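Reader: I have a new model open and would like to understand the terms used to describe it. Could you take me through them?

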Amino acid sequence: MVTTPKNIEALALAALQKGSLSTSQLLKEIQKSRTTTTKQAVYQVLRKLKQEEVVVLRSKRVSLSHVWINKMADYFATAKRIYTMDEKPSEDFLQLRDGDKISYTFKNPAFTDMFWGHAMSILTEVAHPKEPVYIYNPHEWFLLARKESEKEIFDLIKKNNRQLFVAVGNRDALDRLIAKEFDGKIQQYYMSEKFLFPKNNYYLNVFGDFLIEVWLDQKTSQSIDRYYKNTEKYAEESGKILMDIIQGRGKNKLTISCNAKKAGRMKRMLNKYFYIDKKSTSSIESRSVL
């Protein structure tokens with residue numbers, strides 16, 4: 001990305017390189033170099049950067065997207081260090097203690113996934129390096145509608161020499177289609193005949209003692225499931241239908257918690273569907289909590 005020194009976008013990225021900021025703090029930082037900048041102009045730039053998945057916005061705070069930081073690792077080396085390795089991390093969820101949790105809400109699944117991927121990337125790097133990453137989705141629609149960002153996360157997990165276990169609650173044609181994306185060893189994929197959890201809008205990720213739990217909008221989830229039931233092949237036209245679904249407005253909730261007992265229970269439940277590298281996980285399993 002090429003920008004000029006006084007460009008609002010460049011000034012925003014430079015300010016966020018040092019850590020997340022509230023929108024008002026970001027405006028003040030930009031105005032130090034560009035005194036005539038208005039709040040509306042900053043919001044316009046943030047909307048553009050959010051659409052491009054360069055930044056993540058929540059609760060009136062702005063952060064660089066961790067997925068984007070990894071893509072631009074060389075240029076944004078300083079940002080990567082601050083956002084993932086700082087002894088006093090700026091992300092609230094990294095400061096959770098056992099039993100604590102924090103929740104976020106988003107207006108559509110696409111925006112939910114932007115922050116979701118950001119959180120997954122960070123937890124991939126801070127969780128125990130030898131423990132598998134567990135994912136449960138009713139459908140792994142991310143590899144269809146948001147393949148680039150999903151593959152970035154999967155590649156990061158692989159780069160960290162960690163096994164990835166992905167389970168889905170259906171065996172529809174599009175569920176079967178993406179099986180080729182997994183090697184069956186380091187990255188494994190399991191399709192169940194039925195949902196593994198009671199609700200069809202529930203998604204789960206487990207990173208060590210951290211859990212990401214997501215409840216997508218119920219109507220949106222029903223539309224996704226109906227789309228999977230009625231679609232045999234994924235092509236340009238059918239892809240547009242899925243994109244329209246995940247960009248629809250609704251109530252979407254994402255919770256991040258640190259809970260060793262619950263994480264251990266979820267891992268044991270999912271372990272039966274996968275082959276676990278005992279050399280990598282023996283030390284982890286020995287500390288699981290019932």
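Author: Gladly. A nonpolar core is a set of buried Ala, Val, Leu, Ile, Met, Phe, Trp, Tyr and Cys residues joined through side-chain atoms within 4.5 Å. Please keep in mind that this is a predicted model. Its largest nonpolar core has 47 residues, and those with the most contacts inside it are Phe93, Trp141, Ile212, Leu254 and Ile256. Helix α6 (residues 109-126) gives the most to this core, with 6 residues.

Reader: What does phenylalanine 93 touch, leaving out residues up to four places away in sequence?

Author: The partners of phenylalanine 93 are Ile102, Tyr104, Phe115, Ala119, Ile122, Leu123, Phe210 and Ile256. There is also a second, separate core of 20 residues, which includes Ile30, Val42, Val62 and Leu64.

Reader: Why are α1 and α2 called oblique to each other?

Author: The axes of helix α1 (residues 8-16) and helix α2 (residues 23-33) cross at roughly 120° and come within 9 Å. Roughly perpendicular covers 65 to 115 degrees and roughly antiparallel starts over 145, so an angle between those two ranges counts as oblique. That is why α1 and α2 are described as oblique. Their crossing is right-handed.

Reader: Which residues make that contact?

Author: From α1 come Ile8, Leu11, Ala12, Ala15 and Leu16, and from α2 come Leu26, Glu29, Ile30 and Ser33. By class, the contact has 7 nonpolar, 1 polar and 1 charged residues.

Reader: What makes isoleucine 178 buried?

Author: Its relative accessible area is 4%, and buried means under 20%. Isoleucine 178 is therefore buried. This residue lies in the loop between α9 (173-177) and β7 (187-191). Not counting residues up to four places away in sequence, isoleucine 178 touches Glu140, Leu143, Leu144 and Tyr189. Isoleucine 178 and leucine 144 are 34 residues apart in sequence, with 8.1 Å from C-alpha to C-alpha.

Reader: How do you know whether glutamate 53 is buried, partly exposed or exposed?

Author: Glutamate 53 has a relative accessible area of 23%. Buried requires under 20% and exposed requires over 50%, so glutamate 53 is partly exposed. Glutamate 53 sits in the loop between α3 (39-51) and β2 (55-58), and has a positive phi of about 65° although it is not a glycine.

Reader: And why is lysine 60 called exposed?

Author: For lysine 60 the relative accessible area is 69%. Exposed means over 50%, so lysine 60 is exposed. Lysine 60 is in the loop between β2 and β3 (61-64), and its phi is near 60°, a positive value in a residue other than glycine.

Note on methods
Residues are numbered from 1 along each chain as its sequence is written. This is a predicted model: local features need pLDDT of at least 70, side-chain atom pairs count only at pLDDT 80 or more; totals for chains, interfaces and linings use all residues. Side-chain values use heavy atoms; hydrogens and water are left out. Buried means under 20% relative accessible area, exposed over 50%, partly exposed in between (1.4 Å probe, protein chains only). Helices (H or I, at least four residues) and strands (E, at least two) are DSSP runs, numbered from the N terminus. Contact means heavy atoms within 4.5 Å. Axes are lines fitted to C-alpha atoms, for helices over the stretch in contact, and angles run from 0 to 180 degrees between N-to-C directions. Angles under 35 degrees count as roughly parallel, over 145 as roughly antiparallel, 65 to 115 as roughly perpendicular and the rest as oblique. A crossing is left-handed if the near helix is turned anticlockwise from the far one by less than a right angle, and right-handed if clockwise. Ala, Val, Leu, Ile, Met, Phe, Trp, Tyr, Cys and Pro count as nonpolar, Asp, Glu, Lys and Arg as charged, and the others, Gly among them, as polar.
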